[in-house]
Amino acid sequence: MLISDKIPITVGVVGHLDVVTTEEHKVQIKKLFNDLATEYPNSPVHLFSSIAEGADRYVANIFLDMKREIGEYSERFELIVPMPFELEEYKKDFDDVSGKEFDELLKQAKRSFCVGYNGKEIDRPRQYLKTGKLVADSSLILVALWDGEAGKTGGTADIVKHKITGDDDTVAESTFEYDGTVFILPSERSKSSLQISKKSDSKISLSLDLVLKDVALKEALEKIEEINKNSLCINQSDFEKSQSYLFNKPEKLNIPQRSILNWYSIMDQLSLQFRRRDILVTVWLFVLGLCFILTLEIYSNIWGNKLVLAVTMFILVLATAIYIYSRMTKNHIKYLYNRTLAEALRIQFYWNFAGLQRNVADYILRIHRKEFTWIKHLLSVIYGITYNIKSITSETIDDLTYNWVKNQADFFKSSVRKMTRRIDFYHRVSNVAFIIAFVLFASILFFGSFYESNNYLNFLLVIAAILLGVFALIKAYVQMKGYEQLLNQYELMEVIYQRAEEKITEINDMQMEPGQRNSYLNELFFVIGKEALIENGSWYLIFKEKEPEIEGI
């Protein structure tokens, strides 16, 4: 996979049209980009800029100059241009000279798109605010060249406020959940007689060290680098197989949708790798636990040799070492967050394909936001880079029904069957072990003297103790893996997807205007995705405390 196709670190810029820039501004901005590229060598860097006059173009020019002049940045640095209007309407804001500069910058962008403008009613301040909010939400690092003063609607002050306190249009976002950071470069304005506001501390300089003081951003940057680095070990055939499970007609996808598909496959394959390691640790602990019981019983009842005791202690030390290794490598938590991201990107992919401008970050892990703020940041980055500008059609409805709804209905139906058989098997084995142990103990109660006289007693005690150990270990294994809770989740999702499939068939058979039908199904796809994200949060809650462990350590 090309470096430019990996999950990027995003920087956004907002600021005044009449900003007064200095050499110090340029030095700090260049250093930030250089430090990001050096500290996170496996990750591309994308700049979100609407390339309006002033601050937007100033930072974009610095960024693109570095992309041209420094060879290793040519594939790693990419410009993303969200626009408040379609191109011709947007260019009405610029004179001829400015328009030519705009065109030159636009040619160098990896992607440009209009942010939710319907082309019918022009509310310029609102559209500028909407675009600025997307830049703010999509940027891990938002740089504002700002004098610290309030301005017009849709201006720099409104965007800075949105990043820090959330969207005023959403009660939950602005009251409870949002917690963003803006990195301000204090800047004067040529058309204002005011000096830089005291609200902006000119002594603080923009730097990566300053960015890393935000714990959530630091974690997001580290996780992006970690994921991109780990993706290097993914087998290409496994990667392609993962993609085919999500969508079977890649030729229908545009570039943003292909990007989401790539990132989903990375998360999917990484989650499978860490899951296998997690299960291997559990199996080893199970086997060693059984061996520990066996050797301890042999030492206690049959052969009280120090060698047997030494083997028993070795098994205990080995189990402890494996447990410590598991905790140090964090395979369990890596499995959790890679699976969580994969499932979130599954929904983001289908929402994007359905023409939905919805960010999965607003719906996933809602009761775990403090713990996983970095996941919200990362998903918002992906949403902004792959922002949807297509509408739903009859063809996309058919593709979504087959690749998503029907596929998931079949998956959960199959999973319910497999999980039921697995649980029944474990219960049968554990119950048989318990019954045999009970029978042995009962026979010892009645025929103990006979067994003892024939030297059978100690052997039977060992066998009974091992069987009880098998019973306890299997019950603990089933509990630790959360099989019963998972079965409930699978049954719930099976019903949801089956009913959704039935509803789609019902709507397609009805005599309904195409526009009305598409609108209804568009909303249905949103609801299905939201339910899947809720289920993913419940899944995380089930598995959060299921890490392999040794009681007491």
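Predicted model: local features only at pLDDT ≥ 70, side-chain atom pairs only at ≥ 80, totals over all residues.
Beyond its neighbours within four places in sequence, Phe 525 is in contact with Trp 351, Ala 354, Leu 356, Ile 392, Ile 397, Leu 400, Thr 401, Trp 404, Val 405 and Ile 504.

Now display helix 11 (residues 255–301) together with helix 16 (residues 457–481). Their axes are 9 Å apart and meet at an angle of about 160°. Because angles over 145 degrees count as roughly antiparallel, helix 11 is described as roughly antiparallel to helix 16. The crossing is right-handed. To inspect the contact, show side chains including Arg 275, Asp 278, Phe 286 and Glu 297 of helix 11, and Asn 458, Leu 473, Tyr 477 and Lys 481 of helix 16. By class, this contact comprises 15 nonpolar, five polar and four charged residues.

Finally, visit two loop residues. Ile 51, in the loop between strand 3 (45–48) and helix 2 (55–69), has a positive phi near 45° without being a glycine. Ile 51 is buried, at a relative accessible area of 0%. Lys 330, between helix 12 (306–329) and helix 13 (331–353), is likewise a non-glycine residue with a positive phi, of about 55°. Lys 330 is partly exposed, with a relative accessible area of 48%.

Technical notes. Residues numbered from 1 in each chain as written. Heavy atoms only, no water. Contact = heavy atoms within 4.5 Å. Axes fitted to C-alpha atoms, helices over the stretch in contact; angles between N-to-C directions. Helix = DSSP H or I, 4+ residues; strand = E, 2+ residues; numbered from the N terminus. Parallel < 35°, antiparallel > 145°, perpendicular 65-115°, else oblique. Left-handed = near helix turned anticlockwise from the far one by under 90°. Nonpolar A, V, L, I, M, F, W, Y, C, P; charged D, E, K, R; others polar. Buried < 20%, exposed > 50% of the residue type's maximum accessible area, 1.4 Å probe, protein only.
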